[in-house]
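Hello,

Here is the structure I promised to pass on to you. Please open it beside this email, and then read on for what turned up in it.

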Amino acid sequence: MNPLLPRLTAHLCDVLTHALEMAPGEQALVIFDTEAPLACLLTDAYRAALPNAQFVDIKTVTPPDVMRLFEALNPKDLVVLIQSTNFRLNEFRIRIELFKRGLKTIEHTHLNRMPPEQYEAYVDAFAYDPHYYRPLGHALKAIMDVSKRTVVRCNGTTLTYDGPMEPSKLNVGDYTDMKNIGGTFPIGEVFTEPIDLATVNGEAMAFAFAGEDHLVQLYDPFKLIITNGVLTAPDAPADFQAILEKIRATEVAVVREFGLGLNRAMGKHRLVSDITAFERQQGLHFSIGAKHTVYAKTGLHRKHGRYHVDVFIDVETIEVDGKALYTNGMFHPNA
């Protein structure tokens, strides 16, 4: 037995109980593959956490079979997708189909991106404490939604947001009053972006970014320069320069998402290579490029933007309207 199995099983039980709020009588369907060792570990953990669930190996079914499995479920039943890469079922997108049917959803994607030495960090990222995530997430949203000026300080740099932010979105396992329940796990994030992207000016230090292979690339901190919302980085590593050149070939390297990660299991000194997981790491990340489907911006079409590259900031402090929000590696919304 994998020594991480009991820990992962306990974390998933907490997720199912406190985040998904599974009730007696609600069914569960787990669709899995066996390509990555981490996918096998997750499947074993769900077998222990959901002993009455139906388990289906994706290799044994066709897309029409999967649709029939979904049709047999009732609203508020749960579907878990355990994917070494990501399942492709031809004409329909799985999560959209599940949400249309009112089904709770947990997605695990690109499990083949994590090497064995990262498994423990990935497993720990599933620890779900509602008394941590929910109050903190709502407190950060309340602050950012009325913010007028946000200042990000790194070692030797200052970046200023001189204007209000868009209404923040929560990914903290609280689905109260939300139409869709669930999403991609692990979780732990509050994100927004400036209403006027041109109000962002100054400098920041980055320590990692999403490479072209969607793996997190870790570097010694390097400087980002943002002028009226547009990013340059003349001293950045060659891999980052290549990404900027690709973005600039079709659109502007604009700074959009302002992502506050809350997941304490991951960070600068505890890397998880999959960008979808690591963007929840405790701290701050930006997105670069025109693509962001959540917020509409004049001149940036929701569907036509091609790039959304996450960049992780070596942040020391974040101040909002003159009050400290983040210091010493932690959020302090009540400071």
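**The cores**

Leu224, Phe240, Phe258, Ile313 and Ile318 touch the most other members of the largest nonpolar core, which has 95 residues. A nonpolar core is a set of buried Ala, Val, Leu, Ile, Met, Phe, Trp, Tyr and Cys residues joined through side-chain atoms within 4.5 Å. Strand 10 (residues 200–210) gives the most to this core, eight residues. Apart from it lies another core of 15 residues, including Leu29 and Ile94.

This is a predicted model, where local features need pLDDT of at least 70 and side-chain atom pairs pLDDT 80 or more, while totals for chains, interfaces and linings use all residues. Residues are numbered from 1 along each chain as its sequence is written, and side-chain values use heavy atoms, leaving out hydrogens and water.

**Helix 6**

Helices (H or I, at least four residues) and strands (E, at least two) are DSSP runs, numbered from the N terminus. Asp129 caps the N-terminal end of helix 6, with a side-chain oxygen 2.9 Å from the backbone nitrogen of His131. Among the buried residues of this helix are Tyr132, Arg134 and Leu140.

**Asp274**

Is Asp274 buried or exposed? Asp274 is buried, because its relative accessible area is 2% (buried means under 20%, exposed over 50%, partly exposed in between, with a 1.4 Å probe and protein chains only). Asp274 sits in the loop between strand 13 (255–261) and helix 8 (275–278). Beyond its neighbours within four places in sequence, Asp274 is in contact (heavy atoms within 4.5 Å) with Thr109, His110, Arg113, Met114, His214 and Val216.

Best wishes

How values were computed: Polar contact = N/O pair within 3.5 Å; in protein donor to acceptor, adjacent residues only side chain to side chain.
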